[in-house]
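Please look through the sequence and the model shown here before reading the report that follows.

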Amino acid sequence: MLGDQIMTKTSKNTGLLNNLEYEKMLDRALNMLPTEIKMEESFEIPKLEIIIEGQRTTIINWKDIIKKLDRDEKIVLRYLEHRLGTVGWISAGRAVFQGRYKKARLNKLIDLFIREYVICDVCGRPHTRLVKEKGRWIKICDACGAWRVVEKI
Ligand SMILES: [Zn+2]
């Protein structure tokens, strides 16, 4: 009877230690992951404010978006033109596109742009630059030094 109790207690303690070890390991593993979750916490883009008038869609807070993306606005404009299959131009600090496009679709495209052209694939941070070399765009991370050829815009 007494022996049983001691045995139970001991095995319980061992179980607790194992749990702590496991949690420590999990913490370590999570810290090593360049996860998207982490990226989203540290890099938030304002949601697009748009107006649809007639056959035109205007992004009003374009300047804020560009500032946050820290990319040449011509690249972002061209990216959106190609993805939407339309023409666009910049007018008085706003981006205007021919056609009617839903806010959700535009936000999604900006999100995809960030993943491909802004966030580092290795460390998950946004401290990158786009450099054009021999007709290709290369994303270079100033935080960790990683680089990758990105999709043609
Ligand atoms: Zn990096």
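How many residues has helix H4, and how far does it reach from its first C-alpha to its last?

## Basis of the report

This is a predicted model, in which local features need pLDDT of at least 70 and side-chain atom pairs count only at pLDDT 80 or more, while totals for chains, interfaces and linings use all residues. Residues are numbered from 1 along each chain as its sequence is written.

## Helix H4

Helix H4, which covers residues 73-84, has 12 residues and reaches 16 Å from its first C-alpha to its last, close to the 16 Å expected at 1.5 Å a residue (the expected span is 1.5 Å times one less than the number of residues). Helices (H or I, at least four residues) and strands (E, at least two) are DSSP runs, numbered from the N terminus.

The buried residues of H4 are Val76, Leu77, Tyr79 and Leu80, where buried means that 20 or more other C-beta atoms, placed from the backbone, lie within 10 Å of the residue's own. They cover an arc of only 160 degrees around the axis, which puts them on the same side of H4; the arc is that of the directions from the helix axis to the C-beta atoms. Among the elements that cover these residues are helix H3 (62-69), E3, E4 and helix H5 (103-117). After H4 comes Gly85, with a positive phi near 70 degrees.

## The sheet

An open sheet is formed by 4 strands in the order E1-E2-E4-E3, with antiparallel pairing; two strands pair if DSSP finds at least two bridges between them. Strand E1 (50-53) and E3 stand at the edges, each with a single partner strand, so one side of each is left without a neighbour in the sheet. The twist averages 20 degrees from one strand to the next. Helix H4 lies across E3 and E4, and runs at about 145 degrees to E3, with axes taken as lines fitted to C-alpha atoms, for helices over the stretch in contact (C-beta atoms placed from the backbone and lying within 7 Å), and angles running from 0 to 180 degrees between N-to-C directions.

Strand E4 (residues 94-98) has Ala95 and Phe97 on its covered face, whereas Arg94, Val96 and Gln98 make up the uncovered one. In a regular strand the side chains alternate between the two faces of the sheet.

Strand E2 (residues 56-59) pairs with E4 in the antiparallel sense over 4 bridges; Thr57 has Phe97 as its bridge partner, and Ile59 has Ala95. Strand E3 (residues 88-91) also pairs with E4 in the antiparallel sense over 4 bridges, with Ile90 standing opposite Ala95. The hairpin of E3 and E4 has 2 residues between the strands, and in this hairpin Ala92 takes a positive phi near 50 degrees.

Conventions:
Buried ≥ 20, exposed ≤ 12 C-beta atoms within 10 Å, placed from the backbone. Contact = placed C-beta atoms within 7 Å.
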